[in-house]
Amino acid sequence: MRVEDLELIANHSLSKDYYVLDLQAKDKIPDILPGQFAQVRVDNNKETFLRRPISVYDIDYKKNIINLLIKEVGKGTRALSELKPGAVLNLIYPLGNNFSMAEEGSKSLLVGGGVGVAPLLLQAKALRERSLDFAFLLGYQTAGQIIEIERFSKQGEVLIATEDGSQGNKGLVTDHPVLHEGAYNRIYCCGPDPMMKAVAGIAKANDIFCEVSLENTMACGYGVCLCCVVETNRGYINTCTEGPVFNIKELKWQI
Ligand SMILES: Cc1cc2nc3c(=O)[nH]c(=O)nc-3n(C[C@H](O)[C@H](O)[C@H](O)COP(=O)(O)OP(=O)(O)OC[C@H]3O[C@@H](n4cnc5c(N)ncnc54)[C@H](O)[C@@H]3O)c2cc1C
């Protein structure tokens, strides 16, 4: 883990709420595993005292650039959306654990909803590097919300579900036939809690390996404040240091 100033070299607005920050590190970026995150300091605002946890979305190790995909939901993410190239962002990173690697011959489904698609890209890259079979299943309310599809499509097949049926399969991601056909034996999932619980329920019912990346509210990000605890078979543990990625068998979820 390091604490480092990175320079914002581009802030790409993708849609009304979503943007990607390109952050240039001065030195060599450390190895960052899929699912790990950064605690981002939001400067010049008394109301954004706590750092915000944001997944590492993409990395260019040759150019030492880290990308963050962010959805504007409150004061901190709004302040970050307004930053201009040249701004400096202080990050504590890499934090947390990571998605596990799939085994030879496996077929993985990477299920994302909303900004939960962010940690799935690096996992897809890792699977692709090892020539392992996978597809994305990404869910949105409507086609207009679909973002970064080119970046995901470069890695592999992308299946889409929209609630209004404007693109892909009509309905929630959990209605998509691919989740019910039994063709995939591993699921990696990140998104809103109700979505992850529904996906976990399908995985459990069909005895499919499933890891979820939790987005619990957290203040410190490194195990001190205990804001982000989650109930597991091992008792209450920190999402920030023991997670954010958990096998669903560990979690005491009512599914
Ligand atoms: C591991 C992880 C990865 C994430 N990855 C991404 C990502 O890639 N992209 C993305 O857009 N979002 C991501 N999120 C969600 C993101 O962190 C939140 O959307 C963001 O913190 C909201 O900040 P805000 O100031 O805009 O919202 P606001 O709602 O204005 O403020 C949230 C702030 O209040 C604090 N807070 C609120 N309630 C409590 C409480 N009970 N205890 C302690 N602190 C509290 C939070 O810690 C945070 O600092 C991730 C979250 C986690 C945990």
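Predicted model: local features only at pLDDT ≥ 70, side-chain atom pairs only at ≥ 80, totals over all residues.

1. Strand 7 (residues 88-95) pairs with strand 3 in the antiparallel sense, over three bridges. If you want a spot to check on screen, F37 has L95 of strand 7 as its bridge partner.

2. Strand 3 also has strand 4 (residues 52-55) as a partner: the two run antiparallel and are joined by four bridges. Here V40 stands opposite R52.

3. So which residues of strand 3 (residues 37-40) are buried? F37 and Q39 are buried on one side, and A38 and V40 are buried on the other, leaving both faces covered.

4. Now the largest pocket, which holds about 1200 Å³ of space. Its lining takes in 50 residues, and K71, V73, V115, G116 and E215 are the ones nearest the centre. Strand 4 turns up again here: along with strand 6 (65-71), helix 1 (75-81), strand 9 (133-140) and helix 4 (193-205), strand 4 supplies at least two residues of this lining. By class, the lining of the largest pocket splits into 23 nonpolar, 19 polar and eight charged residues.

5. The second largest pocket comes in at about 340 Å³. It is lined by 15 residues, with I32, P34, Y61, A126 and E129 closest to its centre. Helix 2 (residues 120-129) gives the largest share of that lining, five residues.

Definitions and conventions. Residues numbered from 1 in each chain as written. Heavy atoms only, no water. Buried < 20%, exposed > 50% of the residue type's maximum accessible area, 1.4 Å probe, protein only. Pairing = 2+ DSSP bridges. 1 Å grid on protein atoms, 1.4 Å probe; cavity = no way out; pocket = protein on both sides within 12 Å on 5 of 7 lines; lining within 4 Å. Points joined across faces, edges and corners; volume = space filled by probe spheres on them. Nonpolar A, V, L, I, M, F, W, Y, C, P; charged D, E, K, R; others polar.
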